[in-house]
Amino acid sequence: MSYKKIRNAADLVMNNCGPAEIAVILGSGLGGFEQVLKQPIEIAYEDIPGFPVSTVPGHAGRFVVGTIAGKRVLVMAGRFHSYEGYSMKQVTLPVRVMSLMGVKTLIVTNAAGAVNVSYQPGDLIILSDFINFSGKNPLRGKNMDKFGPRFPDMTNAFDRELRQIALLEGQRLGISVKEGVYTWFNGPCYETPAEIRMTRILGGDVVGMSTVPETIVARHCDMKVLGISSVTNMAAGVLDTPIHHEEVLAAGAAVRESFKKLVTAVIETMPMPELVEM
Ligand code: HPA
């Protein structure tokens with residue numbers, strides 16, 4: 001999609017909902033977070049030109065823009081996954097649109113399987129880094145120079161200061177938060193036990209089928225990114241039981257309240273980008 005078309009989509013969302021400085025992408029079973037927004041205004045993906053429509057049960061399809069502690073927040077309720085058949089450009093189009101709406105900070109969330117055996121379902125993991133096991137990259141093709149450089153740095157894919165704030169706010173709220181490395185497999189099948197053993201050897205702590213493309217594009221647009229995984233199951237082979245999508249959704253729903261509290265507290269606490277520069 002051309003820069004002009006992305007600009008048109010962003011202008012349409014802004015004309016309907018206003019601008020935003022912070023965005024939150026909701027993962028499987030974490031829906032409902034948009035209810036914490038004050039004065040919410042929403043727009044369905046089908047009303048945004050060029051937007052694909054999400055096909056997975058548990059994923060709605062709309063942007064909701066409102067405020068938390070006076071900060072303008074866009075919640076993306078329903079994301080696009082590569083395993084649904086969307087191209088990398090489609091999966092990450094919403095992040096480009098957010099960037100043109102003024103978003104400087106992205107909180108990206110997901111449901112994930114625990115590779116690290118010291119984790120358990122219900123834990124919230126603040127992502128310290130990622131491993132891309134998909135063989136895909138959303139920046140492949142001609143670089144869009146207006147957004148960022150050809151070879152963006154990924155040294156601090158997940159922002160140090162935001163990670164620190166999330167860990168401290170988790171402790172303060174009495175929520176079990178840990179740090180770990182997210183590993184992206186394309187899906188849609190869950191991983192094999194051998195793939196999970198490999199992931200553990202290579203330094204991955206959680207596995208999932210999202211988050212990395214959005215994070216790469218957000219960093220390309222020079223946004224700060226905070227990633228949070230909700231552990232819904234032990235990854236394949238850790239326990240002697242199969243993994244079912246329904247259980248993943250139910251486990252995600254069980255942590256909805258603590259997730260909501262943590263993300264709200266992080267947004268309340270994070271410095272405002274405009275104010276930092278003054
Ligand atoms: N693997 C990949 N994605 C997931 C998992 C998993 O075990 N659990 C939730 N999303």
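Glycine 32 sits in the loop between β1 (22-25) and β2. The model that shows this is predicted.

- Glycine 32 is buried, because its relative accessible area of 11% falls under the 20% cut-off.
- Setting aside neighbours within four places in sequence, glycine 32 contacts Leu26 and Lys260.
- Lys260 itself belongs to helix α7 (residues 256-269).
- Glycine 18 is 14 residues from glycine 32 along the chain, and 21 Å separates their C-alpha atoms.

**Ligand site**

- The shell around the ligand consists of Ala111, Ala112, Gly113, Tyr190, Glu191, Val207, Gly208, Met209, Thr232, Asn233 and Val248.
- Asparagine 233 places a side-chain N or O atom 2.7 Å from a nitrogen atom of the ligand.
- Glutamate 191 has a polar side-chain atom 2.8 Å from a ligand nitrogen.
- Glycine 113 takes part through its backbone, with a polar atom 3.4 Å from a nitrogen of the ligand.
- Strand β5 supplies the largest share, three residues.

**Threonine 232, a member of the shell**

- Threonine 232 belongs to strand β9.
- Threonine 232 has a relative accessible area of 7%, so this residue counts as buried under the 20% limit.
- The side chains of threonine 232 and asparagine 233 are joined by a polar contact of 2.7 Å.
- Asparagine 233 also has a side-chain N or O atom 2.7 Å from a ligand nitrogen.
- Beyond four places in sequence, threonine 232 touches Ala111, Ala112, Pro121, Val248, Ala251 and Gly252.
- Ala111, Ala112 and Val248 are also among the residues around the ligand.

- What does valine 97 touch, leaving out residues up to four places away in sequence? Valine 97 is in contact with Ile6, Ala9, Ala10, Val13, Phe51 and Phe63.

**Salt bridges**

- Arginine 62 and glutamate 42 pair through their side chains at 2.5 Å, N to O.
- Arginine 62 is in strand β3 (residues 62-68) and glutamate 42 in strand β2 (residues 38-44), so their bridge ties together parts 20 residues apart in sequence.
- Both partners are partly exposed: arginine 62 has a relative accessible area of 21%, and glutamate 42 has 48%.
- Glu34 joins Glu42 and Arg62 in a network of salt bridges.
- Glutamate 179 and arginine 163 form another side-chain bridge, at 3.0 Å from N to O.
- Glutamate 179 lies in strand β7 (residues 177-184) and arginine 163 in helix α3 (residues 160-173), so this pair links parts 16 residues apart in sequence.
- Glutamate 179 is partly exposed at 35% relative accessibility, whereas arginine 163 is buried at 13%.
- Glutamate 257 and lysine 260 make a salt bridge of 3.5 Å, N to O.
- Glutamate 257 is partly exposed, with 48% relative accessible area, while lysine 260 is buried, with 14%.
- Lysine 260 is also one of the contacts of glycine 32.

How values were computed
Residues are numbered from 1 along each chain as its sequence is written. This is a predicted model: local features need pLDDT of at least 70, side-chain atom pairs count only at pLDDT 80 or more; totals for chains, interfaces and linings use all residues. Side-chain values use heavy atoms; hydrogens and water are left out. Contact means heavy atoms within 4.5 Å. A salt bridge is a side-chain nitrogen of Lys or Arg within 4 Å of a carboxyl oxygen of Asp or Glu. Helices (H or I, at least four residues) and strands (E, at least two) are DSSP runs, numbered from the N terminus. Buried means under 20% relative accessible area, exposed over 50%, partly exposed in between (1.4 Å probe, protein chains only). A residue is near a molecule or strand if one of its heavy atoms lies within 4 Å of it. A polar contact is a pair of N or O atoms within 3.5 Å; within protein, one must be able to donate a hydrogen and the other to accept it, and residues adjacent in sequence count only if both atoms are side-chain atoms.
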